[in-house]
Amino acid sequence: MLLITGIFTSCKHSNIEIHGHRGCRGYWPENSIYGMIAALQMDVDALEMDVVVTSDLQVILSHEPFFQHEICLDPNGNRIYESTQEAYNIYEFTYEQVKKTKCGTYPHPRFPLQKQREYFKPKLSDVIDTVEVFAKNKGKKFYYNIEIKARDEWEGIFHPDYRAFADLVAGVIYRHKIVDRCLVQSFHLPTLQYLRQAHPALRLALLIDADEKPSEKLDMLGFLPDVMSPHYSHILPQWVKFCNSRRIKLIPWTVNDIPTALKLIKMGVHGIITDYPDSIARATGR
């Protein structure tokens, strides 16, 4: 249950990085330009976002490689059902078709504070262009945390070959000259391994799911990433010690209640990925 309000003890941890999850999903539709701008107004340290690919090889923001039933309508403006949502495969849509498919038009069932604001899934390049202008005008400093949504079973169906996918994302990063302000994360080990070899200038984060074993996944990766981002349930003192000794940042996901955030910060994590960046910021005394 979300616990963003109520009485809690604030502690001073201004050095903790706060990553706005999918922008700030608690308040604005996820992976939208509106959400990214709102997150910057909350003084996040990083904008966390997800990317997929269209049929004409445009990199766009979306958590799923299809139009998800909770947040989007179908191309005809009708509601999508969970049982059929994968049929609305973004990799089979051109970007012009994506622009005609609306999201954010009705309340999110799991985020009651989220504002309703119709939008279409934006290109990564357009998001960068927009937030760069906003940040420059407002004097905001931040970096990007971009997740490549690749899976073995999705290859050739929901996205191209993972290497081609990674190259497309890297190309956007290079063209916008944000290499030094960018982190690329993924659950998909081959993607991270390829990026390490083909794009060594990029900083990489290993995402670890709740049902995965961090030690096993790190061994399978075969190198030490710049960041480890496990589900917050994995955080133990030994992992904090391990990361500190190897100069790896430990940034768990997705923490939306203040007691858990403060517990993790006390243990020594380096950042928090959250849907409610303003609440976590207040709790840490920022």
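In this predicted model, Glu17 is buried, with a relative accessible area of 11%. Its salt-bridge partner is Lys249, at 2.4 Å from N to O. Lys249 sits in strand 8 (residues 249–250) and Glu17 in strand 1 (residues 17–20), so this pair ties together parts that are 232 residues apart in sequence. Lys249 is partly exposed, at a relative accessible area of 28%.

The structure holds 16 salt bridges. Another one joins Asp275 and Arg25, whose closest N and O atoms are 3.1 Å apart. Asp275 is in the loop between strand 9 (271–274) and helix 9 (277–283), while Arg25 is in the loop between strand 1 and helix 1, and 250 residues separate the two. Both Asp275 and Arg25 are buried. These two residues also belong to a network of salt bridges that links Arg22, Arg25, Glu30, Asp50 and Asp275.

Arg110 and Glu70 form a further salt bridge, at 2.6 Å from N to O. Because Arg110 lies in the loop between helix 2 (95–99) and helix 3, and Glu70 in the loop between strand 3 (59–61) and helix 2, the pair ties together parts 40 residues apart in sequence. Arg110 is partly exposed at 47% relative accessibility, whereas Glu70 is buried at 13%.

Helix packing is the remaining topic. Helix 1 (residues 33–41) packs against helix 3 (residues 124–138) at an angle of about 30°, and the axes are 10 Å apart. That angle makes the two helices roughly parallel, since angles under 35 degrees count as such. Their crossing is right-handed. From helix 1, Ile33, Met36, Ile37, Leu40 and Gln41 meet Asp126, Val127, Thr130, Val131, Phe134 and Ala135 of helix 3. By class, this contact has eight nonpolar, two polar and one charged residues.

How values were computed. Residues are numbered from 1 along each chain as its sequence is written. This is a predicted model: local features need pLDDT of at least 70, side-chain atom pairs count only at pLDDT 80 or more; totals for chains, interfaces and linings use all residues. Side-chain values use heavy atoms; hydrogens and water are left out. Axes are lines fitted to C-alpha atoms, for helices over the stretch in contact, and angles run from 0 to 180 degrees between N-to-C directions. Helices (H or I, at least four residues) and strands (E, at least two) are DSSP runs, numbered from the N terminus. Angles under 35 degrees count as roughly parallel, over 145 as roughly antiparallel, 65 to 115 as roughly perpendicular and the rest as oblique. A crossing is left-handed if the near helix is turned anticlockwise from the far one by less than a right angle, and right-handed if clockwise. Contact means heavy atoms within 4.5 Å. Ala, Val, Leu, Ile, Met, Phe, Trp, Tyr, Cys and Pro count as nonpolar, Asp, Glu, Lys and Arg as charged, and the others, Gly among them, as polar. A salt bridge is a side-chain nitrogen of Lys or Arg within 4 Å of a carboxyl oxygen of Asp or Glu. Buried means under 20% relative accessible area, exposed over 50%, partly exposed in between (1.4 Å probe, protein chains only).
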